[in-house]
Amino acid sequence: MKKLNCIMTAFIVFILQSAVLPFMFNGVSQPNLIFVFVVLMALHHGQRIGIITALLGGFCQDVIIGNFFGMHLLVYLIVALVCSYLGRDIDKDQWVLTLLIVLGATEVGLALTCGFLFLAGQYINIAAYLLEFSIPMLVYHGILALPVDHIVWHLRREDAFLRVSRLSLVNEGD
């Protein structure tokens, strides 16, 4: 992964999430670009990069929102671990599978957030929470998933891809 490109992309995602998207959408629901970025980084770059991205993304999201510090961090870590496991066999051409995983991760993330808020003692109408946030988030993340996926694929290092390909060929030859 090209470190400078990754840092610049993460900075742009942070600026878009914290400064641009709140003005484009109402206060009730808006896409979570940081979440989509975390999911796709974990899906395509593996567990180590996924966890690092989840830690940074969750911390930044908690700082942006400012309530229940650590909640996004924990949700992002759980989702990144699952997505890094699922992403082991995904190729660039499997965009439908990538889209479905992003949508599934969105639902899991919302359910985990709802569960953690409930465990923290917050009053939550679970059906209203999931219905009010779930449908707009699925639409937003469904629209954002493929363009962000294209950007995340370009962050891959070609030598890392070639190394994995060579290892696959060596293992097939055994």
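This tour moves through a predicted model, one selection at a time. Residues are numbered from 1 along each chain as its sequence is written, and side-chain values use heavy atoms, with hydrogens and water left out. Because the model is predicted, local features need pLDDT of at least 70 and side-chain atom pairs count only at pLDDT 80 or more, whereas totals for chains, interfaces and linings use all residues.

Begin by selecting helix 1 (residues 3-24) and helix 2 (residues 33-45), which pack at an angle of about 150° with their axes 9 Å apart. Helices here are DSSP runs of H or I with at least four residues, numbered from the N terminus, and the axes are lines fitted to C-alpha atoms over the stretch in contact, with angles running from 0 to 180 degrees between N-to-C directions. The two helices are therefore roughly antiparallel to each other, a term for angles over 145 degrees. Now show the side chains that make the contact (heavy atoms within 4.5 Å): Cys6, Thr9, Ala10, Val13, Leu16, Gln17 and Leu21 from helix 1, and Leu33, Ile34, Phe37 and Met41 from helix 2. Of these residues, 9 are nonpolar, 2 are polar and none is charged.

Next, select Asn32, in the loop between helix 1 and helix 2. Asn32 is buried, at 11% relative accessible area; buried means under 20%, exposed over 50% and partly exposed in between, with a 1.4 Å probe and protein chains only. Leaving aside residues up to four places away in sequence, Asn32 touches Gln17, Gln61, Tyr76, Met137 and His141.

Then move to helix 5 (residues 95-119), whose 25 residues reach 36 Å from first C-alpha to last, close to the 36 Å expected at 1.5 Å a residue, where the expected span is 1.5 Å times one less than the number of residues. Its buried residues, among them Thr98, Val102, Ala105, Gly109 and Thr113, pack against helix 2, helix 4 (71-86) and helix 6. Cys114 is buried too, with a relative accessible area of 4%, whereas Cys60 is partly exposed at 25%. Counting a pair of cysteine sulfur atoms within 2.5 Å as a disulfide, the total comes to 0 disulfides. Just after helix 5, stop at Gly121, which takes a positive phi of about 95°.

Finish at Ile151 in helix 6 (residues 126-154), which counts as partly exposed at 43% relative accessibility.

Key: Parallel < 35°, antiparallel > 145°, perpendicular 65-115°, else oblique. Nonpolar A, V, L, I, M, F, W, Y, C, P; charged D, E, K, R; others polar.
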